[in-house]
Amino acid sequence: MKRKNRKWIVLLIVGLMIAVTGCGGSTGTPASGGNQTTGGGSSNGGTNTSGSEAGSGSEESGEIKVGILHSLSGTMAISEVSVHDAELMAIEEINAAGGVLGKKLVPVIEDGASEPAVFAEKARKLIQQDGVATVFGGWTSASRKAMLPVFEELNGLLWYPVQYEGLEASPNIFYTGATTNQQIVPSVTWLLENRGTKFFLLGSDYVFPRTANMIIKAQLEAEGGEVVGEEYTALGHTDYSTVISKIIAAGPDVIYNTLNGDSNVAFFKQLKDAGITADDITVLSVSVAEEEIRGIGADVLEGHLAAWNYYQTTETPENETFVANYKAKYGDNRVTADPIEAGYIAVYLWAAAVEKAGTTDVDAVKEAAKGLEFTGPGGKVTIDGDNQHIYKTVRIGQVQPDGQFLELWNSGEPVKPDPYLETYDWAAGLSGG
Amino acid sequence: MALVLQQILNGLSVSSILLLIALGLAITFGLMKVINMAHGELIMIGAYTAYVVQGLFTSYLPESVFDYYFVIAIPASFLVAALFGLVLEMTMIRYLYGRPLDSLLATWGVGMILQQLARSIFGAPNVAVVSPSWLNGGLAIMPGLVLTYKRLFIIGLVIVCLLCMFLYIYRSAAGRRMRAVMQNRDMAASLGISTRKVDAATFAIGAGIGGIAGCALSLMGPIGPALGTYYIVDAFMVVVLGGVGKLLGTVLGALGMGLANTLFESLTDASIGKVFVFIAVIAFLQWRPTGFVSLRTRALDTSD
């Protein structure tokens with residue numbers, strides 16, 4: 001009898017522990033790579049039947065309600081709170097300048113709680129119950145994928161501010177973060193020209209890194225690079241000694257890092273201890289921004305690279321004001337980063353589209369948004385009418401001892417978004433997923 | 001050749017880390033039979049203590065002594081985590097002895113509370129701990145074979161912790177009382193030992209060692225509110241694999257897990273390697289359900 005009891009207890013513990021790590025894994029990607037699934041790729045022309053007037057609920061009064069939907073609790077709060085702050089700041093600035101169509105913007109704030117299901121539920125609540133004109137929100141691709149059917153069903157409007165894996169273009173979402181051809185593809189080309197041809201691909205074991213690496217491998221093959229190793233570790237993996245041994249044995253010129261979250265800290269600390277500096281092997285990351293550098297330590301990251309569309313150090317007059325305002329509002333120790341800027345300009349782009357359309361009606365705003373230009377902190381952006389992504393300037397930066405980036409290269413002009421990589425011959429067949 | 005040697009060294013290093021995170025649990029779970037799901041959070045507390053000590057050093061002391069903050073951080077994290085453990089024992093665990101399922105759920109809840117507490121105090125993003133300069137770099141034994149000072153330091157720290165625990169448990173009066181209570185509570189109580197005090201002290205020590213582990217791990221990994229969840233599974237696995245209730249078992253369990261981890265990982269990759277390790281552990285426990293070292297006493301069979 002006793003023995004049986006004990007067995008059950010052990011089983012229960014094991015189950016619980018798996019649940020614990022499962023949660024930690026699926027929601028625990030506290031870094032800037034907001035990016036998961038590649039599945040489906042909801043195409044244009046979905047079902048936009050019901051409730052197109054849902055978006056203009058409060059237009060009669062002197063206010064326009066807009067939804068802000070980010071994770072304010074749970075593991076993703078790490079990253080999303082800053083974006084939420086930037087969006088609120090943009091709303092405040094717009095209101096101070098007279099509002100939109102002469103009306104004040106009133107943010108309705110909801111907490112996605114790091115759970116895709118909660119995101120979907122809150123999105124529905126914002127559109128149906130609060131009658132918001134638009135929603136700014138989301139971070140992980142899982143949360144975006146969960147909200148997508150809601151916005152398509154109710155013909156709502158979502159502004160999604162994070163770089164992601166591409167292969168998607170919903171008619172009800174505007175993507176203000178980079179797609180692959182505005183971040184990963186140009187950075188690989190740059191590395192091939194400036195750092196060497198032998199690539200080691202290291203990523204967290206879920207869909208975004210695997211999709212990204214699939215694209216990188218196709219590109220390397222076409223452009224004369226070589227993959228000398230490819231490793232994936234579970235989210236939250238903390239011991240990289242074996243991986244580093246493999247890297248040393250493989251002898252790459254470049255490590256292309258798509259690790260997400262806390263693993264980055266362990267990897268970079270242990271890489272430095274193994275005596276490998278940026279001079280020996282360059283690591284280029286796509287999920288390490290200013291915010292993450294603070295948690296990893298600039299001394300560990302010094303000299304390594306990242307690919308983004310915006311840095312706090314980006315030299316534009318708009319950025320100077322933006323950084324100063326952000327710090328004045330939220331504290332001197334705060335930093336700005338790519339997704340923060342993308343969330344900020346999303347609000348301005350929507351406001352400009354509404355002004356142009358003269359109404360908050362979703363279909364009219366979408367129509368007005370086509371080709372709309374705006375000069376944000378990261379430079380000039382233009383909304384691409386075909387896929388509702390935006391033209392962005394690609395920038396490669398190097399981590400400096402103070403935790404900021406020094407821009408080594410930029411694309412000179414904003415790059416046209418191409419979420420399905422249709423303009424690249426080598427990418428044919430990748431977007432089948 | 002260098003690669004094989006490097007992997008063996010890596011395996012030893014991973015073992016030492018596993019042992020460090022499991023040692024505290026070997027006491028609270030192994031000896032006291034409390035399924036302490038909050039052990040990971042005690043590790044987290046240790047890591048944050050290192051961060052706080054570092055902050056104090058940079059604010060109040062000249063830069064020249066900064067490198068020695070870590071020497072202070074280790075005992076500090078022991079004390080802070082032990083204090084948390086003591087409070088936890090006195091307010092909750094005390095009422096749950098002999099009720100493993102209840103203590104499992106209750107400590108899990110405590111773990112979540114502690115995580116949220118850390119989030120409220122230190123903010124959700126990770127914080128950075130700058131390693132002291134004397135721990136940077138490594139010992140190059142031969143080309144391609146590097147033993148980093150941090151890993152050496154952790155191996156050394158684990159040996160010291162083990163030694164202290166051994167001396168305490170097997171060579172001190174307090175340790176003797178502790179073993180007596182754990183083996184036969186009623187008998188010990190009737191001989192005049194205050195089981196209350198012994199329980200509280202034992203749990204606090206287990207918690208404190210978890211704190212030391214957190215302090216040491218701040219050298220190698222992330223320091224954030226969810227830190228504990230990354231280590232808790234491995235910690236339980238080491239204790240169960242080694243044999244509940246024996247220090248030597250925990251050592252063997254950590255060695256086995258660490259070496260198997262690096263072996264499988266170098267042969268396959270990190271994800272598949274982990275799967276093989278789990279399979280190996282399950283298979284081993286089917287063959288020897290009590291782990292490497294089993295404790296045979298009449299008391300144990302009836303104590304729960």
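Author: Helix axes are lines fitted to C-alpha atoms over the stretch in contact, and angles run from 0 to 180 degrees between N-to-C directions. Helices (H or I, at least four residues) and strands (E, at least two) are DSSP runs, numbered from the N terminus. This is a predicted model: local features need pLDDT of at least 70, side-chain atom pairs count only at pLDDT 80 or more, and totals for chains, interfaces and linings use all residues. Residues are numbered from 1 along each chain as its sequence is written, chains are lettered from A and ligands numbered from 1 in the order in which they are written, and side-chain values use heavy atoms, with hydrogens and water left out.

Reader: How should I read two packed helices, and at roughly what angle do α3(B) and α8(B) cross?

Author: Two packed helices are described by the angle between their axes and the distance between the axes. Take helix α3 (residues 69-91) of chain B. Its axis comes within 6 Å of that of α8(B), and the two cross at roughly 140°. Therefore α3(B) and α8(B) are oblique to each other. (Under 35 degrees is roughly parallel, over 145 roughly antiparallel, 65 to 115 roughly perpendicular, the rest oblique.) The crossing of α3(B) past α8(B) is right-handed. (Right-handed: the near helix is turned clockwise from the far one by less than a right angle; left-handed: anticlockwise.)

Reader: Which residues of α3(B) and α8(B) make the contact?

Author: Contact means heavy atoms within 4.5 Å. From α3(B), the residues include F70(B), I74(B), F78(B), L86(B) and E89(B). From α8(B), they include D199(B), F203(B), G208(B), I212(B) and C215(B). By class, this contact of α3(B) with α8(B) has 17 nonpolar, 4 polar and 2 charged residues. (Nonpolar: Ala, Val, Leu, Ile, Met, Phe, Trp, Tyr, Cys and Pro; charged: Asp, Glu, Lys and Arg; polar: the others, Gly among them.)

Reader: How do α1(B) and α8(B) cross?

Author: Helix α1 (residues 2-31) and helix α8 (residues 195-217), both of chain B, have axes that come within 7 Å and cross at roughly 165°. That makes α1(B) roughly antiparallel to α8(B). Here α1(B) passes α8(B) in a left-handed crossing. Among the touching residues are I17(B), L20(B), G24(B) and T28(B) of α1(B), with T202(B), F203(B), G210(B) and L217(B) of α8(B). This contact of α1(B) with α8(B) has 12 nonpolar, 5 polar and no charged residues.

Reader: At roughly what angle do α9 and α10 of chain B cross?

Author: Helix α9 (residues 227-242) and helix α10 (residues 247-267) of chain B cross at roughly 120°, their axes coming within 7 Å. So α9(B) and α10(B) are oblique to each other. The crossing of α9(B) past α10(B) is right-handed. D234(B), M237(B), V238(B), L241(B) and G242(B) of α9(B) meet G249(B), T250(B), G253(B), A254(B) and M257(B) of α10(B). The contact of α9(B) with α10(B) divides into 5 nonpolar, 4 polar and 1 charged residues.

Reader: Now the sheets. What is the strand order in the open sheet of 5 strands in chain A?

Author: Two strands pair if DSSP finds at least two bridges between them. The order is β2-β1-β3-β4-β5 (chain A), with parallel pairing. The edges are β2 (104-111) and β5 (173-175) of chain A, each pairing on one side only. Neighbouring strands of this sheet are turned by 25° against each other on average, direction ignored. For one pair, look at β3 (residues 135-137) and β4 (residues 158-160) of chain A: they run parallel over 2 bridges. There, F136(A) has W159(A) of β4(A) as its bridge partner.

Reader: Which strands form the open sheet of 7 strands in chain A?

Author: Follow β7-β6-β8-β9-β10-β14-β15 (chain A), a sheet with mixed pairing. Its edge strands are β7 and β15 of chain A. Helix α5 (residues 184-194) of chain A packs on this sheet, touching strands including β6 (198-204) and β8 (254-258). The direction of this helix makes about 165° with that of β8(A).

Reader: In which sense do β14 and β15 of chain A pair?

Author: Strands β14 (residues 395-399) and β15 (residues 405-410) of chain A pair in the antiparallel sense over 5 bridges. R395(A) has N410(A) as its bridge partner. The two strands, β14(A) and β15(A), form a hairpin with 5 residues between them. In its turn, G403(A) has a positive phi of about 85°.
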